[in-house]
Amino acid sequence: DAYDDLVISIPGENIGAAGDAGAVLVLQGSPAGLVTANLVDFEPQRFYQGLASVGDTAEAGDRFGAALAVGNFDDNSGHDLAIGVPGENAENGAVAVLYSASGCPGLGLMQPLNLDQDSPGMLDAGEAGDAFGFALAAGDFAGDVADDLAIGVFGEDVEGQTDAGAVQVVYGLPISGLSAANNQFWHENLADAGGFTETGDHFGEVLAAGDLDGDFIDELAIGAPAEDVSFHPDAGAVTVLRGAALLGLTTDSATLFDQSGVVDGETLGDFDSFGYSLRIGDFVDGSSAGNDLAIGIPQESIGSPTPFAFVGAVTVIPGGGGTLELGAATLWSKGYFGSAGTQVDSPEYYGYALAAGDFDGNGHDDLAIGAVQVEGIHPGGGPVTSGAVYALYGALFSDGFENDNVSRWSASTG
């Protein structure tokens, strides 16, 4: 209906006696903004396992809704919703997909799809602790109009390496939607980007999809925030797999990078967690030449000679021209590099979460950055560790964010 809706994850929701079974709430948009009524039953749409519109059974610890992804998997007139259930079946994990129906408002009117690694045709097999569905990303990796779904399996054991992590990709088809046919199973050894699997890397813990090279086919960015790099534990790394027409994701021009190879003068640090959050948007030039990749580094230490520990930072790498421009990357952090205020405290975890959108309507994407442990002032007086969100605004005719145009939001400041 041309109005965006809001999907709210409640993975700790109790369903009957099943603690932390999880639920999802959908609020519909309207000319008056978000409303609690919809045209189906005049109530917010609430989904959980055990409903006919969802399938399966609500069980303790399933955490239905721990991850969400919106895409048009069957190429109809509405968007569909993929819901991660990483605690399903002793943390084997699962994904539920709710399809929209053409010409009908809301979700849940069509047969749902429930997937796990033991579904017919799926590569690999479910194992306790895999956490299939912990992360999700929707994008058109094959250029066939229907969106595809990337599923993070960060607890996957790979070639004897515990919790090395993997990503499973399920492809969408017009009319029929997502299918296990031709699904892909990726881990670092298969990505062929120069990395190799190690215990505890958590490859696939974070995912983001978008067109980075300007060919109108989406790429997949895969975070491994616990990757050890050059003897630095949990320094973190990111792999980018490129999409290709009809083929989907391929190893062709796959890229693996860590913090040391991105920003001049920036070095690796223990426990930086480079790639803990990812977001793709058109931040740098406001053109169609390819989107850009923002990478959260929430445990980055800032300053010298005595750095502030775990202040956090965000790296933005320009895309376009067929490749990511690693040499043109910029680093942003609170109080440094011209960004987001002057007072720095430790820890703040700037970059813990990221979101992108054109907040000021100038045709250029902006970036919202979560800092979960920023100190503020309680309305009743006194300091409080409440967290904050910073918005960096892009200028249409510039090569990045405006240093003097940063807004800050917190529970204490409004």
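Visitor: How many salt bridges does the count come to?
Guide: Two. Keep in mind that this is a predicted model.

Visitor: Which side chain does Arg46 meet in a salt bridge?
Guide: That of Glu13, at 2.6 Å, N to O.

Visitor: And where do Arg46 and Glu13 lie?
Guide: Arg46 is in strand β3, residues 45–47. Glu13 is in the loop between β1 (6–10) and β2 (23–27). The two are 33 residues apart in sequence, so the pair ties together separate parts of the chain.

Visitor: What is the relative accessible area of Arg46?
Guide: 36%, so Arg46 counts as partly exposed. Glu13 is partly exposed too, at 23%.

Visitor: Now Asp213. Which residue is its salt-bridge partner?
Guide: Arg242, at 3.7 Å, N to O. Asp213 lies in the loop between β12 (206–210) and β13 (219–224). Arg242 lies in strand β14, residues 237–244. This pair ties together parts 29 residues apart in sequence.

Visitor: Are Asp213 and Arg242 buried or exposed?
Guide: Both are buried.

Visitor: Switching topic. Which residues gather in the patch of negative charge?
Guide: Asp118, Asp124, Glu127 and Asp157, on the surface.

Visitor: Where is Glu127 placed?
Guide: In the loop between β7 (113–115) and β8 (135–139). Glu127 is partly exposed, with a relative accessible area of 37%.

Visitor: Now the whole chain. How many helices and strands?
Guide: Two helices and 25 strands.

Visitor: What share of the residues is buried?
Guide: 52% of the 414 residues. The accessible surface is about 17,000 Å², and 54% of that belongs to carbon and sulfur atoms.

Note on methods:
Residues numbered from 1 in each chain as written. Predicted model: local features only at pLDDT ≥ 70, side-chain atom pairs only at ≥ 80, totals over all residues. Heavy atoms only, no water. Helix = DSSP H or I, 4+ residues; strand = E, 2+ residues; numbered from the N terminus. Buried < 20%, exposed > 50% of the residue type's maximum accessible area, 1.4 Å probe, protein only. Areas by Shrake-Rupley, 256 points an atom, 1.4 Å probe, with all protein chains shown as cover. Patch = residues over 30% accessible without salt bridge, like charges linked within 9 Å, V, L, I, M, F, W, Y side chains within 5 Å. Salt bridge = Lys/Arg side-chain N within 4 Å of Asp/Glu carboxyl O. Lys, Arg positive; Asp, Glu negative; His and termini not counted. Charge placed at Lys NZ, Arg CZ, Asp CG, Glu CD.
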